[in-house]
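Please keep the structure open beside you as you read through the points.

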Amino acid sequence: MAETLIDTSVLTADAPRQEIVVATVADLAAATRNTALLRDTSVAGVCHSAPDSRLGVLVVEDDCVSAELLANSLECFGYRVTVVEDGLEAFELVRTGDYRMVVSGWEMPEMTGAELCRRIRQRDWSRYVYFVLLTSHNELGHIVEGLKAGADDFLTKPFQVEELRARLRTGERVLSLESRDVMLFTLAKMTESRDIETGMHLERMREYCRILAEELSHWTEFKSTVDGEYIELLYLTSPLHDIGKVGIPDRVLLKPGRLTPEEFEIMKLHTTIGGETLAAATSQHQDARFLTMARDIAFTHHERFDGKGYPRGMAGRDIPLCGRVTAVADVYDALTTRRVYKPKFSHQRAREIIVEGAGTQFDPDVVKAFLRREQEITEVARSMDENSAAAMPVPAMKAAMA
Amino acid sequence: MIQAQTEAATTVVDVDELLSRCLGNLEFAERIIAIFQARCSTDLEQLEEAIDQQDLQRVAAVAHRLKGACANAAAHPLCERISQLRQAACANALDDVTARFQEVQDEWAHFVAAVPELQWKTDG
Ligand SMILES: [Fe+2]
Ligand SMILES: [Fe+2]
């Protein structure tokens with residue numbers, strides 16, 4: 001039974017992507033007060049005020065001397081700067097989306113710089129935030145931990161002005177790569193645009209992937225594989241799982257009824273078409289981890305834990321983790337939304353099917369992660385349900401394409 | 001060229017380094033010194049209190065923050081003393097902490113005495 005339910009072959013339309021969260025006005029006011037207390041930017045005419053189009057940089061540092069020096073330099077380089085003293089406050093500000101870069105101290109009250117970075121990597125998905133950690137010399141352990149948390153760069157204390165400038169310029173270049181990420185998603189949406197029915201499928205399933213991977217990142221056996229970067233890559237690349245459908249003829253892809261066995265064989269090819277296309281790209285860009293992951297997902301999202309899936313019949317942990325996670329996320333969304341071949345199932349019914357599939361269709365660990373984060377998953381399902389009035393703010397992707 | 005006027009002052013702060021971190025802005029550098037002094041006196045009080053309570057974890061945390069401030073303010077001798085204090089606190093060596101704190105205070109007294117002499121001038 002699961003096979004027809006699970007092959008999400010009849011998919012999609014064009015729908016906006018969900019933008020998330022805003023900090024409270026009180027938080028913002030407090031942060032602004034802090035900054036105002038610390039600094040008067042009109043000093044001696046070195047800094048000039050520029051319009052608000054300046055790139056926002058958040059300095060998080062409980063040592064006010066360093067914070068002041070950093071802020072002054074950054075303003076002189078042309079950034080819009082806010083200073084806060086602790087990680088919790090910083091996290092709330094980052095959630096507003098007003099800051100593209102964070103320069104953060106290591107030891108701070110409430111939350112360390114690395115923890116702040118980790119939380120940003122786990123929770124802030126609408127735009128990439130470039131994260132620079134301040135460390136002291138000879139604290140190599142910090143660098144390792146910082147990298148694991150997803151930090152992009154480091155700056156040693158005492159900082160050199162030219163080095164600070166260079167690090168932030170690098171950050172600006174990296175942020176410009178974000179257009180790459182928008183392109184990836186656009187590509188995925190185009191694949192689905194031949195179809196009319198799946199709506200926000202890609203938006204929801206990548207959220208499910210993120211939640212599942214985030215859960216696994218806390219487990220001892222996955223800790224070394226699933227870090228902030230892994231979660232982010234999975235979020236970016238999981239929407240490409242069905243990209244091979246561009247190669248499936250309309251008569252099969254758009255067929256309203258059940259597929260014949262021959263047609264189903266053709267449909268199955270979407271995994272190899274997508275996987276091979278991405279593999280060709282991977283061979284030319286060896287270090288682009290997102291291509292490797294996208295390739296693995298395209299190839300393996302229909303593999304089954306018991307080895308009865310397609311295209312290769314891989315089994316157990318031979319199937320890359322990204323494929324095992326995507327399988328659960330993809331199927332759960334197919335189950336909980338209406339498709340031409342099935343009605344919308346309740347969360348309870350979908351949950352039963354997922355649990356029944358543990359160890360046969362799905363990796364039991366991923367199913368366990370699914371159960372542990374069930375509540376969050378249902379919240380995403382509810383908030384991103386296209387029939388719900390609460391969903392859909394401005395379609396960021398469309399805006400980016402315009 | 002920018003330099004400090006007296007020798008006493010240059011031994012407590014590397015003026016060239018601080019000024020370059022202030023992008024050559026003298027007024028801003030003076031403000032930084034003022035902020036730095038205020039921060040130091042507060043932190044030294046906190047350190048003393050933490051040492052009295054034998055809370056070496058807190059000593060290490062405050063010393064870490066202060067060390068960063070000293071480093072960026074280019075107050076290197078003070079930075080060095082505080083770094084030693086922090087190491088002693090991290091090693092959980094209370095006697096050593098007390099001795100190192102005395103050295104920090106001596107250096108601080110030296111700093112405070114020298115700062116009024118710290119007059120910036122530019123020539124050329
Ligand atoms: Fe698929
Ligand atoms: Fe799908």
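**Notes on the chain contact and the iron site**

1. A salt bridge here is a side-chain nitrogen of Lys or Arg within 4 Å of a carboxyl oxygen of Asp or Glu. Between chain B and chain A the count is two salt bridges.

2. Before going on, please note that this is a predicted model: local features need pLDDT of at least 70, side-chain atom pairs count only at pLDDT 80 or more, and totals for chains, interfaces and linings use all residues. Residues are numbered from 1 along each chain as its sequence is written, chains are lettered from A and ligands numbered from 1 in the order in which they are written, and side-chain values use heavy atoms, with hydrogens and water left out.

3. How many residues does each chain bring to the contact? Chain A gives 24 residues and chain B gives 24 residues, where contact means heavy atoms within 4.5 Å. The two chains bury about 2100 Å² between them, with 61% of it on carbon and sulfur atoms. In chain B, the residues losing the most area to chain A are B:Arg21, B:Leu23 and B:Asn72, together 29% of what that side buries. Buried area is the accessible area (1.4 Å probe) that two parts lose on being put together, summed over both.

4. Eight residue pairs are in polar contact across this interface, both residues at pLDDT 80 or more. A polar contact is a pair of N or O atoms within 3.5 Å; within protein, one must be able to donate a hydrogen and the other to accept it, and residues adjacent in sequence count only if both atoms are side-chain atoms.

5. Now for the iron ion (ligand 2): its protein donors are A:His201 (NE2), A:His241 (NE2) and A:Asp330 (OD), lying 2.1 to 2.3 Å from it. Donors are N, O and S atoms within 2.8 Å of the metal (3.2 Å for Na, K and Ca); water is not among the atoms, so sites may look incomplete. Along the chain, these donors follow the spacing H-x39-H-x88-D. The iron ion (ligand 1) is 5.3 Å from the iron ion (ligand 2).

6. Finally, is A:His201 buried or exposed? A:His201 is buried, and so is A:Asp330; buried means under 20% relative accessible area, exposed over 50%, partly exposed in between (1.4 Å probe, protein chains only).
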